[in-house]
Amino acid sequence: MGFILAAAGSAVGLGNIWGFPTYTARNGGAAFVIIYLVLVFLVCLPVVLLEIAIGRRTQRNPVGALKMLSPGTAWNLVGKMGVFCGIMILSFYIVIAGWVFGYFLESVTGGLERLASEGEFGRFVGSPWKNLLYMGAFMVATLAIVVGGIKGGIEKWARILMPTLLVMLFALIVYVLTREHALAGLRFYLVPDFSKLTAQVLNSALSQAFFSLSLGMGALITYGSYMSKKENILSSGFIVALVDSAIAFSAGLLIIPAIFTLGPGVEAGDLAQGPGLIFVVLPQVFMNLAGQVGYTFASFLASFFFLLICFAALTSTISLLEVPTAYVVDEKGIRRKKAALITAGIVTLVGLGSLLSNGASHFFTNFLPYPSGQWQGFMTITGDIFFETLLPVGGCLLSTFTAFIWKTGNFSKEITRGFPEYAGSKLEKWFSGIVYVVPFVTFFIFINTVLQKYFNIQLF
Ligand code: TRP
């Protein structure tokens, strides 16, 4: 149970509540949702299993694990890339987590109405000092847990708070679906229009799936290294993928119809262009609710909901900081406390670039042009490179490693420990076979992403 809770805590986070609805809205709705779910179970689940298996087999951090399985080769560079991705992803993730924390503080102190007012998100993210405080607070909380190792406490909380989050999501979904125009949103979310299936939809679905499952950078290698040999890797991995997808799907079921209730003329795709979708939509949902239950109670519900999202984000920032920390501790022989402090310091420094790239500083807001000519902000660039491009690359390399270097026989052997019936079963044949397919699928989508994202070239 400990492993499942920790891995699910790492998976369920802003990727589910903030990312999934945003990418669904940007990519035309239901077709994206379907492609996403197909990719989660066909392409990502095998990577979940092989990451856990590599971690548990070696009992090491991603770099040490690959060194142990393939000594004297360059494969450990894949682990190093993962460590670097962890630092870079955390650097913008923690800024967004800070926004959620800020929205919690504002709504708990009576500011819900302001949060719901026109243009407030832009003003909010444009004020550097407040956000520095929010981001700092989040970093300190993450650091305290990674250093102090109060993981037992986190597991207890996760056990209560994840179901609470799901219940609250359901209650809000029921409320939103009774509002005017919500059904148009439901149609957009659930009735696929496959003519909307473009290269971008496929790329976004794969990278979002990797991100949401905390895949492609060795987070699950690290968590797997703490897993007991008696546990069943297959069922644990499957449960984590299922819980993660269920929460993402529910968040979409809330946010997408809610966009349509904001009134005619609000275009889901336009509203989702920046990172602000849920920050614009949620306060308005709660302000609507205030009409029925009163401002105070609606503010209470809003605060509670933002706090739940903060908690979900915290169990994810822990895993993002844990990977580089475990690497520095094991490979550089630095004490855990110092290692975590150094990593957190670097993350915070890089994170300032993202913090300032939403209007506060012109330099970071228009940081670099892509080869296609468009100027992008620091946060967008970091997200594009480390989340949308490199996570699937990590998955491609790790599955290549498993298929051709570590060999599927060893992969199966590790799963069989803790699940004896796996040996010789249909499941074993399936996963041993699919591991050879995953490298090709992810490689193709990687090429596609690079062409489309940076060069504006559409293959289809
Ligand atoms: N999966 C988390 C989310 O959905 C984010 C996250 C945590 C992550 N650890 C990770 C993403 C490792 C990629 C790799 O919010």
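Visitor: At roughly what angle do the axes of helix α10 and helix α13 cross?

Guide: This is a predicted model, with local features needing pLDDT of at least 70 and side-chain atom pairs pLDDT 80 or more, while totals for chains, interfaces and linings use all residues. Numbering starts from 1 along each chain, and side-chain values use heavy atoms, without hydrogens or water. Helix α10 spans residues 182-190 and helix α13 residues 233-261 (DSSP runs of H or I, at least four residues). Their axes come within 7 Å and cross at roughly 135 degrees.

Visitor: Which class has the 12 residues in the contact of α10 with α13?

Guide: On α10, Phe188 and Tyr189 are among the contact residues, and α13 brings Phe249, Leu253 and Ile256 among others (heavy atoms within 4.5 Å). Three contact residues are polar and none is charged. The 12 are nonpolar.

Visitor: Which helix gives the largest share of the lining of the largest pocket?

Guide: The lining has 28 residues, with Arg26, Gln273, Gln376, Thr380 and Asp384 nearest the pocket centre. α2, α5, α11, α19 and α20 each supply at least two lining residues. Six residues, the largest share, come from α19.

Visitor: How many residues in the lining of the largest pocket are polar?

Guide: Eight lining residues are nonpolar and four are charged. Gly counts as polar. The polar residues number 16.

Terms used: On a 1 Å grid over the protein atoms alone, a cavity is a set of points where a 1.4 Å probe fits but cannot get out, and a pocket is an open set with protein on both sides within 12 Å along at least five of seven lines; lining residues have an atom within 4 Å of a point. Axes are lines fitted to C-alpha atoms, for helices over the stretch in contact, and angles run from 0 to 180 degrees between N-to-C directions.
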